[in-house]
Amino acid sequence: MQTYDAAIIGGGISGLIAAIDLARANKSVIVLEKSNRLGGRGMTINKDGACFNLGGHALYRAGEAYSILQELGVKLEGGTPPADGYAIWQNRLWPLPGNPARLLSSRLLSWPGKVELGRFMLGLGKIDAAAMANISLRDWAERQIRDPMVRHIFYALCRTATYNKALDDQPVGPVIRQVQRSLKSGVLYVNGGWQTIVDQLRELAVRAGATIRSGKNVTEIMHNGAVSGLRFSDGETIQVNRVISTLSPAETYRLVGDADPTSLRRWKDGARPVMAACLDLCLKRLPVADRHFAIGLDQPVFFTNHSRVAKLSDRDTLVMHLIKYNCSGDSDPKTDERLLEQTMNLLHPDWQKEVVAKQFLPNMTVVHDYMHLGQSELMPGPAVPEIRGLYIAGDWASHGEMLADAAAASARRAAGRIINEISSEYAAASAAYRA
Ligand SMILES: Cc1cc2nc3c(=O)[nH]c(=O)nc-3n(C[C@H](O)[C@H](O)[C@H](O)COP(=O)(O)OP(=O)(O)OC[C@H]3O[C@@H](n4cnc5c(N)ncnc54)[C@H](O)[C@@H]3O)c2cc1C
């Protein structure tokens, strides 16, 4: 039977990045993906010539994922959208006060509000996010921002940058850091969708020597305090002493027998997923040509036309995304779909006549857990301390990063830990042999 230094459960972005790092360090590695295609939440679906990511996906240019992907050799092509657009407030559209001229002429804000927003935005980039007090986003904003409309605008910016609408349990520091990143360097809408990233990662992993098997559903991580192998739904097993799980804390917990006394139980019970309802559209044209971007101020919604800067269709059509930000269990799919369609009615009357393709994804898990106040352990992973040889990666295994940045950075941490441990074991064995 073929043996491996490490096995990775999950062929999404985390799993593929970890595989490349391990294979390039000359470790034998196998990736096991239950689906018939790779990519997980990073996959892109082609519908009538339109490339639909699973909900709008933007890569933060100043984030860990962007730099790790570039360093691995992934070509990132696409465009960065300008930040001009509209605010939605009381079912009306208002130009976003995103530049000095628009700020001065804005009818959303009072004169003191304009002054406060101008000052606030100028100072935002200079805040030392790492040194901020461990208080909630709302507590901080209520202390720092007097004008309620300026607060609404700030909260909408935070939602857009983090995908998270929680105000009362998110620590303010990481949110400010994420907003700073998005304002500083912007985001990349990727030509062809995130599948192009997944396909390149796969190619790089295989070229580096990794084995990739899709259609392999892992049903058990076998262990007796130390990992001994994996079992699959088809009855097959493999022996392996190091495993990286890129699944959610709940799924990883389920695969490990007797996991209650381990950190996995705590991570699973404490997890607060970020959810979203997504309406992805391909239209023949935009009914109102200059409306590419809008953020809700009194509704947690967002609209963005990715085709403004990225090539996402092989025809002359446009791909755009609407998102409603949710927390776990606080939404109803029908109500969400109606809200997103109404948002589209407001922005682009008669849009239904232009539809070429459409997908509605009501309950997407954007991240499996986000950093929250009162979390007993802020930084899960890379190792599961109680089970030797078990490691975790994914957007919930964050050490301060968010979204795909956490997925990429945690993959790197898990692979790095395995590489170091194998080197230490090898050095110890060599020393023992010499002695
Ligand atoms: C709507 C939406 C919008 C988003 N927007 C952004 C954005 O704008 N910017 C950003 O940075 N991030 C964004 N994200 C987050 C980003 O997509 C994820 O962080 C990233 O794709 C996670 O990758 P992963 O490999 O950690 O997990 P996943 O992609 O979930 O991969 C896990 C893989 O494991 C496989 N698997 C599950 N169970 C088993 C099993 N038992 N055996 C074998 N395989 C198994 C799954 O099929 C899957 O392929 C968004 C996510 C969503 C849902």
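The shell around the ligand divides into 17 nonpolar, 13 polar and 6 charged residues; here Ala, Val, Leu, Ile, Met, Phe, Trp, Tyr, Cys and Pro count as nonpolar, Asp, Glu, Lys and Arg as charged, and the others, Gly among them, as polar. Please note that this is a predicted model, in which local features need pLDDT of at least 70, side-chain atom pairs count only at pLDDT 80 or more, and totals for chains, interfaces and linings use all residues. Residues are numbered from 1 along each chain as its sequence is written.

In total, 36 residues surround the ligand, and the closest are Gly 10, Gly 12, Gly 40, Gly 55 and Ala 404. A residue is near a molecule if its C-beta atom, placed from the backbone, lies within 6 Å of it. Two or more shell residues come from each of α1 (13–24), β2 (29–33), β15 (274–283), β19 (355–367) and α12 (403–434). Helices (H or I, at least four residues) and strands (E, at least two) are DSSP runs, numbered from the N terminus. The largest share, 4 residues, belongs to α12.

I turn now to the domains. Domain 1 comprises 6–42 + 195–271 + 375–434, and domain 2 comprises 96–186, with bounds from an automatic or database domain assignment. Their centres, taken over C-alpha atoms, are 36 Å apart.
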